[in-house]
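Trainee: I have a model open and I'd like to check its labels against their definitions. Can we go through them one by one?

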Amino acid sequence: MTTIAQQAMLARAGMRGIVLAALPGIASAALRGIALAALLAGSAATAAPSAAVPASYAHRPEVSAFIDEMVADYDFDARALRRFFSKVRYQQSVVNAMSRPVLAPPKWYEYAPRFLSSARIDAGVAFWRANERTLERAQSEFGVPSEIVVAIIGVETFYGRNTGSYRVADALTTLAFDYPRRAEFFRNELKQFLLLMREQNTSPLAPKGSYAGAQGLPQFMPGSLRDYAVDYDDDGKIDLAGDVDDAIGSVANYLARHGWLADDPVMQPAEIDVDKLDQVERVLDGGISEQRSLQSWRHDGVSVSGIPEAPGADPTGVLMLEEEAEPSYWMVFNNWYVLTRYNRSRLYASAVWKLAQELKQAFAEE
Ligand SMILES: [Ca+2]
């Protein structure tokens, strides 16, 4: 996996209040190296303007204002919150991970292979087999196919292997108060997190997650967790890290609530008239077109087969994926756009679908 791809993925995710991808692996080996480097370069780090960080967040004026807001708006106990912030630790490695520049967006052929490896397919089939009844239940209740749910969990965390090792409290507080570019977004996520912990009667210092504060097998941010996570094994608590059933039900619910249409296509190869190819390429912005009706596309020389007579998926877009030799062109439907609500990247949505197809075939052949 390339660092560039991870950075671009993060940039594309954009942290627009949607679920953040785990960026598998980055929270482990890659970040440990950075954390060590930051430690060794301690004096250099304190020279940076944003690095004049007091030992405790509890004494920072902006944190006091945040506490006042939580007390006024949600009736939190001010002393308890101050105690919480006195135990939260600034994480330079979190800021470093967020700040790394995106050198160039990855190409599909650079991005996809690690998600489509035989190891990820084999582990996905095993995960599917182990959770078959829950996946079938989610498919019938939410209309989201088992292979799509398994693929998302596979892309996000390798089926729970890489769920992140940061204390969520440290990651979110660091980003809320020492990462000005996204302060508003992360202050809101910190607020959602504290509300969630109170609702679940859990210590906010307990949960672990990614450097962005995403949790569990499906890497939900706290706001998404509160809005879309479900207690799918009915044990009275929502635990996306410990209850696999909860993770499965929550992914299916998230997609359903964002408009997933049962039995509708995700993406299909586009057939483009040779003399119209230049014209079609001109309407692709970063590899994806605007959405238009199938009829309008047909008029401009783009057609598609192997889809229902009248998909609920109209209007549709045209997608280009960079292959090693020639690019491939696809018609993408409503459900593909729903996948981008999980992570706003054409590469992410396409990788989830491709992995899902591989999983489906391998599962059937087993
Ligand atoms: Ca549960």
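Mentor: Y159 sits in the loop between α10 and β1 (166–167). Residue numbers start from 1 along each chain as its sequence is written. Keep in mind that this is a predicted model: local features need pLDDT of at least 70, side-chain atom pairs count only at pLDDT 80 or more, and totals for chains, interfaces and linings use all residues.

Trainee: Why does Y159 count as buried?

Mentor: Buried takes 20 or more other C-beta atoms within 10 Å of a residue's own, exposed takes 12 or fewer, and partly exposed lies in between, with C-beta atoms placed from the backbone. Y159 has 21 C-beta neighbours inside 10 Å, so it counts as buried.

Trainee: On to α8 (residues 118–130). How do you know that its span agrees with what it should be?

Mentor: The expected span is 1.5 Å times one less than the number of residues. For the 13 residues of α8 that gives 18 Å, and the end C-alpha atoms are 18 Å apart, so the two agree.

Trainee: What puts the buried residues of α8 on the same side?

Mentor: The buried ones are R120, G124, V125, F127 and W128. They cover an arc of only 160 degrees around the axis, which puts them on the same side of α8. The arc is that of the directions from the helix axis to the C-beta atoms. Exposed S118, A119, R129 and A130 are carried on the face turned away from that side. The cover over the buried residues includes α9 (132–142), α10 (146–157) and α18 (346–365).

Trainee: Why do you say that the buried residues of α9 line one face?

Mentor: In α9 the buried residues are T134, L135, A138 and F142. Down the axis they fall within an arc of 100 degrees, so they line one face of α9. They pack against α8, α10 and α14 (244–257). Exposed E132, R133, E136 and S140 are on the face turned away.

Trainee: Which residues touch the most other members of the largest nonpolar core?

Mentor: V149 and V352, in a core of 94 residues. Such a core is a set of buried Ala, Val, Leu, Ile, Met, Phe, Trp, Tyr and Cys residues joined through C-beta atoms within 7 Å. The largest share of it, nine residues, comes from α18. V149 touches L135, A138, V144, I248, V251 and A252, not counting residues up to four places away.

Trainee: Last one. What makes β3 (residues 267–272) and β6 (residues 328–332) a pair?

Mentor: Two strands pair if DSSP finds at least two bridges between them. β3 and β6 have three, in the antiparallel sense; Q268 stands opposite M331, and P269 is partnered by W330. β3 also pairs with β4 (residues 302–304) over three antiparallel bridges. Together the open sheet of four strands runs β4-β3-β6-β5. Its edge strands are β4 and β5 (317–321), since each pairs on one side only.

Conventions
Helices (H or I, at least four residues) and strands (E, at least two) are DSSP runs, numbered from the N terminus. Two residues are in contact if their C-beta atoms, placed from the backbone, lie within 7 Å.
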